Amino acid sequence: MKKFIHSISAMSLMMASTACLADWSATVTGVSDYTFNGVSQTLNDPALQGSIDYSADSGFYAGTWASNVDFGDDTNLEWDAYVGQYRQLNDQLSVDYGLAYYSYHGASYSSEGNYFEAYTLFAYDNAMGTSEMNFWYAWDYFGTDAGHVIAMLAHSVEIAQGHVLRASIDTSNSLDGDKYAWQDDGKSYLHYRLAYQTSFAGFDFELAAEDTDLDSKYADERLVLSVSRSFSL
């Protein structure tokens with residue numbers, strides 16, 4: 001199976017870690033292209049995604065998330081699970097850490113790409129918005145026994161009430177290029193993203209422009225539109 005860079009989406013993590021109106025919630029999302037770190041997980045086609053999440057007053061949360069995928073073979077479903085803890089350290093600084101498990105379905109060999117990933121996400125609120133410094137680490141990336149690290153810097157600013165701009169840059173790094181590498185034996189690449197986020201009539205909207213320094217039609221510049229709706233259970 002042709003394996004692309006993948007991790008739990010920042011949007012689903014943010015929804016899981018923030019305080020909810022109820023202990024249980026569900027979210028349904030439609031996206032024009034399922035990308036993570038700028039690489040399409042659906043060969044540039046749309047995806048339908050859904051999650052069910054539990055959150056406690058203590059900051060503990062757990063959930064499951066699924067999406068259709070297309071890696072150019074018979075794998076057609078990604079189904080993830082995650083558990084974590086959100087802590088407000090002071091009026092400005094918060095941390096979110098946990099463990100995610102990625103599983104793939106559709107063919108007898110799809111599960112060979114299953115793997116665990118640990119993450120730690122920091123956020124700092126200030127007069128200019130919210131700054132983030134986020135990290136993900138997998139020790140058996142896509143079942144290849146290769147270590148893998150993602151590091152991200154991001155900043156969000158509310159340009160008007162209910163209208164947010166979020167800019168981010170992240171780097172994906174293989175710790176063992178002999179076991180897992182991208183094109184031309186590259187061990188790392190950069191991803192840039194600028195997103196506009198807003199809500200209307202109970203729906204959340206995001207329009208993002210993104211690009212990478214990979215030479216691939218599945219990782220070049222693109223616009224990605226997502227529409228989601230959350231429900232209390």
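User: Is Arg-222 buried or exposed, and at what relative accessibility?

Analyst: This is a predicted model, where local features need pLDDT of at least 70, side-chain atom pairs count only at pLDDT 80 or more, and totals for chains, interfaces and linings use all residues. Residues are numbered from 1 along each chain as its sequence is written, and side-chain values use heavy atoms, with hydrogens and water left out. Buried means under 20% relative accessible area, exposed over 50%, and partly exposed in between (1.4 Å probe, protein chains only). Arg-222 therefore counts as buried, at 13%.

User: Which residues share one salt-bridge network with Arg-222?

Analyst: A salt bridge puts a side-chain nitrogen of Lys or Arg within 4 Å of a carboxyl oxygen of Asp or Glu. Asp-220 meets Arg-222 with the closest N and O atoms 2.8 Å apart. Asp-33 also bridges to Arg-222, at 2.6 Å from N to O. Shared partners join Arg-222 into one network with Asp-33 and Asp-220.

User: How many residues apart in sequence are the parts that Arg-193 and Glu-206 tie together?

Analyst: Arg-193 and Glu-206 form a salt bridge, with closest N and O atoms 2.8 Å apart. Arg-193 lies in strand β12 (residues 188-200) and Glu-206 in strand β13 (residues 203-212). Strands are DSSP runs (E, at least two residues), numbered from the N terminus. The pair therefore ties together parts separated by 13 residues.

How values were computed:
Helices (H or I, at least four residues) and strands (E, at least two) are DSSP runs, numbered from the N terminus.
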